[in-house]
Amino acid sequence: MELYELWKPLMREGSASFWQEFYVKFYQAFLEGSRWKQYLNGVGTTLLVTAMALALGVVLGILVAVIRTAHDQQRTGRKNPVLGLVNGVCKVYVTVIRGTPMMVQLLIMGFVIFSSSRNYTMVGALTLGINSGAYVSEIIRGGLMSLDPGQAEAGRSLGLGYVDTMRFIVIPQAFKAILPALGNEFIILLKDTSLITVIGGKEMVYAAQAIYGRTYEQMFPLIGIACIYLLLVMIFSWLQSLLERRLRQSDRR
Amino acid sequence: MIDVKHLSKSFGDHQVLKDISEHVYPGDKMVIIGPSGSGKSTFLRSLNLLEEPTAGTITFDGEVITDPKVDIDRVRRKMGMVFQHFNLFPNMTIRKNITLAPVRTGLMTQAEADDKAAQLLSRVGLVEKADAYPNQLSGGQKQRIAIVRALAMNPKVMLFDEPTSALDPEMVGEVLAVMKELADDGMTMVVVTHEMGFAREVGNRVLFMDEGKILEEGSPAQIFGNPQNPRLQDFLSKVL
Ligand SMILES: Nc1ncnc2c1ncn2[C@@H]1O[C@H](COP(=O)(O)OP(=O)(O)OP(=O)(O)O)[C@@H](O)[C@H]1O
Ligand SMILES: [Mg+2]
C-alpha cells in the first residue's frame, strides 16, 4: 500500500525500476479498490454457468442419444412413426449446433431470440447447454455403438427388456468408455464460458476487461484470468483421473 | 417344440437363408454342421429372433413368435442362448451375471436366484468363482458360466452357437462335458458346432447346411457313415 503510493509517481516520471513497475501494475490489476473481488465474482459466474450448462447438456445429450439409438435399433416391421419424427428433430438439432460456430449461436440467442432479456448470464448458460448437448449426445451415441453388440444380445437373449439391458449392461460399460471424452467436453465447456462476454455475461473475461478499461494495462488482468482458467482445468483433470482410476479398479479386484 | 416354416433371411440383397422348414422336437439334440458362411449362425439366431426373418414363420410352444405383436422378451425367457464369445457382462460379478435376468424378469427373488446360482455353479464345479469378475476367468470357465447363466432362467430349449470355437484346445473338453451332461438330463438342444465328435456322440439328429439351405439331415450314423450329398461328402472329407 505505502509502496504503491510511493512508487506510482516514479512510474509517471519514467524512472521506476523494473520491479517497481511490476509491483505497481500488479497492484493496480488485482489489489487497488479490492479488484480481486471482481475476479472472484467472475470465477463464481464461470463455475455457475459451467454447472448449469453441463447439467442441461448432459440431460439433452442423454435424451437425444437414447432417442437416436432406440430409433436405429427398432425391430423391422415395428417402426414407430412418432419415434421417427422425434428422431428427425434430434438429427436437425445436432446438425445445426455442430454446423455453426458457438459465437454465432451466442449472438443469435442473445440479440435475436432473447433480445429483450437482461439476464445475459442465464441466456449464456442456456446457449452453452444447448450447444454442449449436441456434442454430448454424439459422445454417448459413440460409446453405445462402440460396445460389443454381443453384450446387448446376451441381455436380450436372457429375456431382459430393452430398458433393463440398457440400464444394467450397456450404459454402465459405455459410461466407463466415454468418460475421457466427456471430461474433455467439460473442459471445453468451462473455457467456452469466456465467450458469453459478447452478449454481456459477467464472467471472468468481463471482469478483466472492466479492469483494464480503467487502468489501460492489459497484461496482468489477462494473464491473471488465464492462470485461473488453467488452475480450474487442472483441478478438474485431477478429479477426473481419480474417478477413472476407481472405475478401473472395480473390474480388476 | 420349435416349428420353422419357409424361413428366409436376407441382409440387403444377400439372401443368407433360403426357405428353410424344420422342426425341433422336445428332447432333441439337434446338431447343425456346415462350412463357414453357410448361414448356421443366422438360422440359430432366427430361432429366438435375434435375427428378424425376412419371410416365414417360427412357432414356439404353440405360439407364432414371428408375429410382431408377440412380446419377444417373454418368449426368450424360455430359450437359453450360448454364444461363441461367451458375452459375459464384464461389469458384474459371476453371481450377478447369473442372477440378473431371473431377478429382473420377476422369475425369482434375489435369494432364490442366489440359491439357484450356487446350485448350478457347483454342478459345473465353479462355486468358488461366484464373486469373481469375468476377466479373471479362463475361456473354458467363462463358457461354463455362460451356460449356467442361460440355465438359470429354466429354459425349455438351449441354443448353442459354436460354444467351443473361441477356446484353446485344452479347454474344449470341459465345456463339451457340461453340454453332454445337460443332454443326458434331457434338455432340448440346438447346437451349431465344428466338433464332429460331439455331433456323433451327443446328437440325435444332424443337419448339414450349405448356402442357406439344409442339404441333408439324418442320424449321426447316416450323416457320418453314409453321406449322400456330394457337398456333405466333400465337407466331411475336409473336417474329419
Ligand atoms: N449382420 C449381417 N449383415 C450382413 N451380412 C451378414 C450379417 N450376418 C451374417 N451375414 C452374412 O450371412 C452369411 C451367413 O453368415 P452366418 O454367420 O450365418 O454363417 P455361419 O454358417 O455361422 O458361418 P461361421 O461358421 O463362419 O460362423 C455370411 O455370408 C455373412 O457374411
Ligand atoms: Mg457362425
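Me: What should I keep in mind about numbering and confidence?

Reply: Residues count from 1 along each chain as its sequence is written, while chains are lettered from A and ligands numbered from 1 in the order in which they are written. Because this is a predicted model, local features need pLDDT of at least 70 and side-chain atom pairs count only at pLDDT 80 or more, whereas totals for chains, interfaces and linings use all residues; side-chain values use heavy atoms, with hydrogens and water left out.

Me: How many helices and strands does chain A have?

Reply: Helices (H or I, at least four residues) and strands (E, at least two) are DSSP runs numbered from the N terminus. Chain A has ten helices and zero strands, so that its elements read α-α-α-α-α-α-α-α-α-α from the N terminus on.

Me: What radius of gyration does chain A have, and what would a compact globule of 253 residues have?

Reply: The radius is taken over C-alpha atoms, and the globule rule is 2.2 Å times the number of residues to the power 0.38. For 253 residues a compact globule would come near 18 Å, but chain A has 24 Å, and its C-alpha atoms fill a box of roughly 85 × 50 × 20 Å along the principal axes.

Me: Why is chain B described as compact?

Reply: Chain B comes to nine helices and ten strands. Its radius of gyration is 18 Å, close to the 18 Å that the globule rule gives for 240 residues, so chain B is as compact as a globular protein of that length. The C-alpha trace of chain B spans about 50 × 45 × 30 Å along its principal axes.

Me: What share of the residues of chain B is buried?

Reply: Buried means under 20% relative accessible area, exposed over 50%, and partly exposed in between, with a 1.4 Å probe and protein chains only. In chain B, buried residues make up 57% of the 240 residues; in chain A, 43% of the 253 residues count as buried.

Me: Which residues of helix α3 in chain B are buried, and what covers them?

Reply: In α3(B), residues 94-104, the buried ones are B:I94, B:N97, B:I98, B:T99, B:L100, B:A101 and B:P102. Contact means heavy atoms within 4.5 Å, and the cover of these residues includes α8 (162-192) of chain A together with α4 (110-123) and α5 (139-151) of chain B. Just after α3(B), B:G106 takes a positive phi of about 80 degrees.

Me: Which residues are closest to ligand 1?

Reply: A residue is near a molecule if one of its heavy atoms lies within 4 Å of it. Ligand 1 is surrounded by 13 residues, of which B:S36, B:G37, B:K40, B:S41 and B:T42 are the closest. The shell divides into three nonpolar, eight polar and two charged residues, where Ala, Val, Leu, Ile, Met, Phe, Trp, Tyr, Cys and Pro count as nonpolar, Asp, Glu, Lys and Arg as charged, and the others, Gly among them, as polar. Both β2 (14-24) and α1 (40-47) of chain B supply at least two shell residues each, and α1(B) gives the largest share, three residues.

Me: Where do polar side-chain atoms approach an oxygen atom of ligand 1?

Reply: A polar contact is a pair of N or O atoms within 3.5 Å; within protein, one must be able to donate a hydrogen and the other to accept it, and residues adjacent in sequence count only if both atoms are side-chain atoms. A polar side-chain atom of B:S36 lies 2.5 Å from a ligand oxygen atom, one of B:S41 lies 2.6 Å from a ligand oxygen atom, and an N or O atom in the side chain of B:T42 is 2.5 Å from an oxygen atom of ligand 1. Taken alone, ligand 1 exposes 640 Å², of which the protein buries 60%, the areas coming from the Shrake-Rupley method with a 1.4 Å probe, where for residues only the protein chains shown count as cover.
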